Amino acid sequence: MNQNGSGKIVRKNDDLKSLLRDRDEHFWQLLADRSADAQSFTEIIALASLRKKAEKLGVKNETVLHDHPLRIALIGGSTLYPFSELIEHLTFTAVGPVEVKSGDFNNYRAEITEETSFLYDLKPDVVIIIPDAQNCRYTGGLTDPKDEIESAASSVCDEILQLAALIRENLKAEVIISNFILPPFTDPGPLRTRSASSDWNFKKTVNLMLGTRAPNYLHICDLEFLSYRHGGLNSIDENAWFESKQLCSPSLMAFAAHEIAHLIRGLRETPKKVVVLDLDNTLWGGVIGDDGMTGIEIGDTSPRGEAFKAFQQFIKTLISRGILLGVCSKNDFENAVEPFRRHPEMVLKETDFVSFKANWEPKAQNLIEMADELNLGLDSFVFIDDNPAEIEIVKQFAPDVTTILLGPDPALYVRQLKESRLFERFALTEEDAERTEQYRKEKQRKSLLETAVDMDSYLSSLEMTGSFKRFDELDLPRIAQLINKSNQFNLTTRRRTQAEIEQLMRDPNYVGFTMRLSDKFGDHGLISIVILRSTGTSNMEIDTWLMSCRVLKRQVEEEVVNEFVRIARLKNVRTIKGIFKPTAKNSMVKDLYPAMGFTPVKIDENRSEFELETERFQNKESFITIDRRTKLNEQGRSFSRTAEYI
Amino acid sequence: MNKEEALAELQNIFDDIFLDEVTVTPELSANDVEEWDSLLHISLVVSVEERFKIKFRVGEVEATNNVGEFIDIILDRVNAAYV
């Protein structure tokens with residue numbers, strides 16, 4: 001109940017009831033919207049009752065497109081009412097007219113196998129099986145051998161899969177099965193997780209087997225996940241079990257019914273194919289036209305920059321799900337495209353987009369053109385923007401496009417997309433299967449590492465790529481940040497301000513370079529910094545050498561040494577001096593220089609010196625592929641201030 | 001909460017669930033309403049629990065003979081929560 005402006009008490013659904021009284025056909029759209037948002041059992045039941053009243057009154061419904069109602073059979077090991085009521089209503093409002101028929105309590109095996117059962121009479125389009133949870137338990141002892149427990153889990157899983165296969169074969173229906181809610185109680189204590197036979201672990205095993213063994217026609221209503229999301233103790237209801245053999249708490253039942261309606265809808269709806277993104281304050285913080293390349297927030301320098309980077313990383317994963325990306329931004333084209341071409345922290349590149357519209361035309365217009373160019377329907381488009389006015393324009397002039405209005409906090413952008421349910425995939429394809437095969441081999445390699453500690457094959461399997469680059473303006477904030485923050489892997493711990501670094505970039509006696517590392521699991525970003533200083537015509541000193549600890553033991557050190565020897569040779573330097581200045585925190589690198597082949601020349605409590613003769617140096621082997629080297633514009637002379645870009 | 005308030009809220013719940021209009025009185029019982037079968041009864045009890053934010057104990061509702069006795073349990077639970 002809410003108080004409205006006039007102080008009169010307004011009850012929820014009063015608006016629906018008034019449309020119903022007037023037999024207004026707008027009733028149906030409002031009912032659908034309200035039902036999609038309804039979170040509780042009571043709300044859904046009340047809406048279902050309004051629906052039935054409207055049907056009885058014959059309120060005209062033009063949103064109905066299907067000629068015959070979708071026939072759904074619900075069978076299982078718990079009482080199926082009122083679950084059936086919730087499923088019927090939410091499927092109706094999500095998909096269209098439905099007819100739901102339920103089996104008897106715990107009679108599903110017979111209903112599936114006996115051709116005289118109601119199932120064979122109904123000829124359902126979809127069959128939902130709620131397997132009996134009482135049957136999903138290990139009856140042996142807590143200390144039984146693991147193999148025995150696994151084979152018991154396997155037979156629970158296989159029985160369900162066989163019943164599903166029978167339905168598929170005999171009735172040609174889509175099959176949805178639910179998996180098992182995990183018991184949320186602390187009992188039996190530590191053995192809950194240590195013993196494969198505990199109810200917790202056993203159900204988890206069966207669920208895992210069901211999911212990974214299910215053929216493509218089988219869809220899973222993941223009660224394990226839904227109850228985790230909802231909270232375990234809120235998901236079960238002992239009382240409802242004893243009173244009327246209910247599957248779960250009414251609140252979880254509401255979520256499960258939503259999930260089933262979503263699955264059924266997904267069987268029919270074409271998935272989204274194109275994601276079109278705004279730029280300013282969507283892919284980066286700030287406005288590129290005003291703030292410029294060095295002013296926008298993107299990358300590891302600031303928390304906001306990191307959030308935008310994470311958002312880009314998630315967007316990038318959509319490509320591998322077969323989704324096309326587009327840009328639609330109110331900007332001058334040259335301004336808009338520049339970060340994609342030149343900003344080192346950008347995850348998304350120009351080539352990731354199939355269409356790039358940066359102009360001053362209305363966005364709806366751009367989207368319509370884009371759909372035309374790509375020969376795709378606007379209903380397969382999702383448009384994402386942080387600006388409510390732009391979202392509104394698209395809603396009005398390109399209403400088939402699904403829109404996402406980003407909230408005020410970029411930290412939550414990824415969550416908004418992950419919760420939108422627009423990019424879900426219902427089954428695995430052949431290609432996926434191939435990839436799975438590759439992963440399987442990969443896994444064998446990893447287990448090799450675990451058993452034999454074969455570091456080489458592990459490093460090789462990471463498929464690492466490194467790239468070196470001279471200091472430039474765009475990297476400057478990150479360089480300054482690392483120089484002033486790194487404590488552990490830092491040989492001299494020499495702090496410098498951003499202005500001092502800029503100064504040094506103009507000084508011909510210095511060469512500063514950075515290294516980035518990526519591997520098959522992703523991009524580690526800028527992870528190492530070196531500043532070399534000439535100390536004579538054939539001598540050079542390593543003024544600064546630091547590295548982010550997250551890439552320790554990845555052979556980054558070896559490649560950095562290779563790189564500064566390469567630079568030294570280009571500049572005809574014969575001796576490179578390495579300095580170690582101990583601090584309270586950098587003892588991890590006290591033996592780094594000797595380990596890299598440097599000879600100690602002075603060992604001291606406060607400062608040790610090492611030397612490396614470039615002539616005798618042999619390149620160190622590593623599993624990192626270097627795809628870019630530091631460029632010395634005018635070799636051996638001055639270093640141009642001009643930033644080098646890829 | 002008193003009996004009148006509980007009765008009024010119960011009327012709202014009945015209006016939400018039953019298709020026919022039912023006037024809720026303390027004397028009303030399932031036998032008086034055609035729609036009120038054992039299935040609808042489950043939805044009714046769940047709705048009452050959710051709306052009044054209470055839990056009945058096992059077997060408790062079954063033992064009541066009419067709405068009046070049902071309200072007695074509701075009030076017992078609701079008011080106990082505020083002690």
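Helices here are DSSP runs of H or I with at least four residues, strands are DSSP runs of E with at least two, and both are numbered from the N terminus. This is a predicted model, in which local features need pLDDT of at least 70, side-chain atom pairs count only at pLDDT 80 or more, and totals for chains, interfaces and linings use all residues. Residues are numbered from 1 along each chain as its sequence is written, chains are lettered from A and ligands numbered from 1 in the order in which they are written, and side-chain values use heavy atoms, with hydrogens and water left out.

**The sheet**

Two strands count as paired if DSSP finds at least two bridges between them. In chain A, 5 strands make up an open sheet with parallel pairing, in the order S10-S9-S8-S11-S12. Strand S10 (353-359) and strand S12 (402-405) of chain A each have a single partner strand, so one side of each has no neighbour in the sheet. On average, neighbouring strands of this sheet are turned by 15° against each other, direction ignored. For such angles, axes are lines fitted to C-alpha atoms, for helices over the stretch in contact (heavy atoms within 4.5 Å), and the angles run from 0 to 180 degrees between N-to-C directions.

Within the sheet, strand S8 (residues 274-277) and strand S11 (residues 381-385) of chain A are joined in the parallel sense by 4 bridges. A:Val276 is placed opposite A:Phe383 in S11(A). Helix H15 (residues 303-320) of chain A lies across S8, strand S9 (324-330) and S11 of chain A, and runs at about 155° to S8(A).

**Backbone angles in loops**

Most residues other than glycine have a negative phi, and most peptide bonds are trans.

A:Pro82 sits in the loop between strand S3 (70-76) and helix H4 (83-94) of chain A. A:Pro188 is in the loop between strand S6 (174-178) and helix H8 (191-194) of chain A.

A:Gln555 belongs to the loop between strand S16 (539-547) and helix H24 (556-570) of chain A. Is each of these residues buried, exposed or partly exposed? Buried means under 20% relative accessible area, exposed over 50%, and partly exposed in between, with a 1.4 Å probe and protein chains only. A:Lys245, at 27% relative accessibility, is partly exposed, and A:Gln555, with a relative accessible area of 13%, is buried.
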